[in-house]
Amino acid sequence: MDKPSKEFLTHSPEETIALGRELANSLQPPKLVVLTGDLGAGKTTRIKGLAEGFKAESQENVTSPTFTLIHEYRGPKATLYHIDLYRVDSPRQLETLGIDDLRDDRSLILLEWGEKFERFRKERDAEISIETLGENDRKITLRIP
């Protein structure tokens with residue numbers, strides 16, 4: 001049975017980052033986390049807070065891996081892999097990323113656009129969705145099956 005989902009409202013990028021720091025406590029590795037939301041909704045902003053929450057990287061150094069596809073942030077208790085699958089369209093392209101090779105007991109794999117692949121809908125340990133409510137207002141939902 002799924003645990004109840006938790007919903008949060010944020011009203012600025014700074015609040016979204018702060019919430020990401022708080023969510024680090026709920027996402028102890030190893031975990032595969034699917035991040036959903038429209039283009040520009042704030043998925044990378046959320047990861048800035050998670051990276052800080054795990055003491056893996058400062059928010060200024062967390063950027064979208066849209067073109068590099070994978071960014072790695074190493075902290076004392078976790079290694080965060082921020083992966084953007086927006087430009088990945090086929091299982092073959094996905095396979096070349098070697099995501100399975102990144103899994104270990106310290107890994108927190110954060111997949112933007114992971115819902116594009118059925119495999120990640122089934123394998124995910126958590127899902128964080130973000131919904132745009134206004135210019136800076138966001139509804140963020142954490143689901144841990």
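**Close-up views of a predicted model**

**View 1. Strand β6 and its partner β2.** In β6, L35 has I128 as its bridge partner. Likewise, T36 stands opposite S129 in β6. Strands β2 (residues 31-36) and β6 (residues 126-132) run parallel and are joined by 4 bridges; strands count as paired if DSSP finds at least two bridges between them. Strands (E, at least two residues) and helices (H or I, at least four) are DSSP runs, numbered from the N terminus. Because 5 of the 7 residues of β6 are buried, this strand is largely enclosed by the rest of the structure. Here, buried means under 20% relative accessible area, exposed means over 50%, and partly exposed lies in between (1.4 Å probe, protein chains only).

As you browse, keep in mind that this is a predicted model, in which local features need pLDDT of at least 70 and side-chain atom pairs count only at pLDDT 80 or more, while totals for chains, interfaces and linings use all residues. Residues are numbered from 1 along each chain as its sequence is written, and side-chain values use heavy atoms, with hydrogens and water left out.

**View 2. The hairpin of β6 and β7.** With 5 residues between them, β6 and β7 form a hairpin. The two strands run antiparallel and share 6 bridges. Helix α1 (residues 13-23) lies across β1, β6 and β7 (138-143), at about 150° to β1. Contact means heavy atoms within 4.5 Å, and angles run from 0 to 180 degrees between N-to-C directions of axes, which are lines fitted to C-alpha atoms, for helices over the stretch in contact.

**View 3. The whole sheet.** Seen strand by strand, the open sheet of 7 strands has the order β1-β7-β6-β2-β5-β4-β3, with mixed pairing. At the edges stand β1 (6-10) and β3 (70-74), each with a single partner strand, so one side of each has no neighbour in the sheet. On average, neighbouring strands of this sheet are turned by 15° against each other, direction ignored.

**View 4. Aromatic pairs.** The structure holds 2 aromatic pairs. Rings of Phe, Tyr and Trp (its six-membered ring) pair if their centres lie within 6.5 Å; planes under 30 degrees apart count as stacked, over 60 as edge-to-face and the rest as tilted. Y86 and W113 form a tilted pair, 5.1 Å centre to centre with 55° between the planes. F117 and F120 form an edge-to-face pair, at 6.4 Å and 80°. F120 is buried, at 0% relative accessibility.
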